[in-house]
Amino acid sequence: MAASLSSSDVLTASGISGKRSEEIAELIDYFSKFQYRAKEVNSKVERIEKRCLELFGRDYKYSVIQNTNGEVCGHYPRQIVFLEYESYEHDKDRFESTVKIGKLQDLVNRSKMARCRGRFVCPVILYNGKHICRSSTLAGWGELYGRTGYNYIFSGGSDDAWADSDEVPDDSAVRNGDSQLFDKVRGLDIKLLRYLSVRYICDLMVENKKVKFGLNVTSSEKVDKAQRYADFTLLSVPYPGCEFFKDYKDRDYTAEGLVFNWNQDFVDAPLTIPASLSKNLNIDWSEYQSWDLVQQTQNYLKLLIHIINSDDESGLLVHCISGWDRTPLFVSLLRLSLWADGVIHANLEPAEILYLTIAYDWFLFGHMLPDRLSKGEEIFFFCFNFLKHITSEKFSAVKKQRRKNSQFKDSDFTVEDICQLKRRDQGSITSLSSDFSLITEDSPAAASSFNYEGIELISAGSQAQAAWRKGRTSSPQTVFWNKPFSAEDKLLHPGLPEAKSSSSSSSNQSEQGFLRTGSSPLAVPGRRSAGEYARSGSS
């Protein structure tokens, strides 16, 4: 079967209304071609910024941390949203925030030097009065000594608005190894964390320190020699970087059975979780190095949800190295999962929360989608395709059923548990989006094209698939293993036969008529019955 559709046509077929489908299609089309930079803004970016502010304003009273032209950080939004409290349009002026935006702006300006690339601790989600924040990791001597030299080493010469900051330390401080500089900049970082009531810091790095050409260019809280962050609850939850997602793409977007190689020389950060946070999750954390990409992401997400529910007063910081690949993955999953529970963004419809997380969590916070696509490192695609693995109540933050589509105006756009997948029509369909799944070409050779003006809908034959697998070699980052489908997988894909291996699951649709696990499914989630909810349980 061959056909040609525009991205908006495909989105409309998925149940999203015409105007909204065009809005999302235009966003991803632009995102796939241009990386956001705060000092290089055009009318399209201004529309995206304005739309994000409008969507945040549906449910929250907010203030704005000013980052005009990227003076604070060149790859953070120009208008960084600080959510103060939940409020509807008619009562936005009835309350007064306890946080003074002027003081917050000052802390941001003064603390930015503490973190890699100036990507300071930034609140992005407000849940039950607690801030979920994002950032990069701590800057090391290499970066503090000079932003310009660091940027050349680390990112191929890219420049930042703050590269010539007069706050860069003098030579004598570096030569003498004077810890007073770290005391100052990290002390300001800690002040910002405390002002935002953050207690938990979740570090996704697989390294203790990032090394480039023999130079420690970044550090992390867990290896701060002076133990400045000892008053915080530090979690080391190593998660593969964006390079690993090249293997995901090369395996025809099959995450089942894809295991990171933990024996590589640069991997030196063990998984470390306080017993008080890990004991109630019924997860054997000692087995983390044997988990495939699906299980690892599921368990980390369960942990993050458990953390924000375990403390009524304290917030959470999630970061990786630069904070623009792994960090938005988990921030986006948290935003969508909490939205599905009805506890944040309660007034946003499915297409609106999809737009917000793509535009704000990924685009405006500097994810380099054009570069990642050119390298096949499709962590952005994985985020939305992964949602089918977190549909059960085990991933719910509340003890109740997730929101139903009867709450939304687009009655034919079903969102029971976000992504309950079913087959649509015949053949393998590729497109831009299926609810929250970004769709790429079913044929491995054509994947990542992101040409949304005319998307070919091609179903690769079994011989082509077999030839591709035979000629493919594994990267050093990857270990493969075959795993039978779990009961939960069979619930999502009722047509699955017994003990279907991960390798065979990436073949084309079988005669039973189910979507293969490795494809990017174009389907509208079906409504779950009360019986299915009862079987899935809650956590």
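Author: A crossing is left-handed if the near helix is turned anticlockwise from the far one by less than a right angle, and right-handed if clockwise. In this predicted model, α3 passes α13 in a left-handed crossing. Local features need pLDDT of at least 70, side-chain atom pairs count only at pLDDT 80 or more, and totals for chains, interfaces and linings use all residues. Residues are numbered from 1 along each chain as its sequence is written, and side-chain values use heavy atoms, without hydrogens and water.

Reader: At what angle do the axes of α3 and α13 cross?

Author: Axes are lines fitted to C-alpha atoms, for helices over the stretch in contact; angles run from 0 to 180 degrees between N-to-C directions. Helices are DSSP runs (H or I, at least four residues), numbered from the N terminus. Here α3 (residues 43-57) and α13 (residues 350-363) cross at roughly 120°, with axes that come within 10 Å. Therefore α3 is oblique to α13. Angles under 35 degrees count as roughly parallel, over 145 as roughly antiparallel, 65 to 115 as roughly perpendicular and the rest as oblique.

Reader: Which residues of α3 and α13 meet?

Author: Contact means heavy atoms within 4.5 Å. From α3 come Val45, Ile48, Arg51, Cys52, Leu55 and Phe56. From α13 come Glu352, Tyr355, Leu356, Ala359, Tyr360 and Phe363.

Reader: How do the axes of α4 and α8 cross?

Author: Helix α4 (residues 101-111) and helix α8 (residues 180-195) cross at roughly 150°, their axes coming within 8 Å. So α4 is roughly antiparallel to α8. The crossing of α4 past α8 is left-handed.

Methods: Helices (H or I, at least four residues) and strands (E, at least two) are DSSP runs, numbered from the N terminus.
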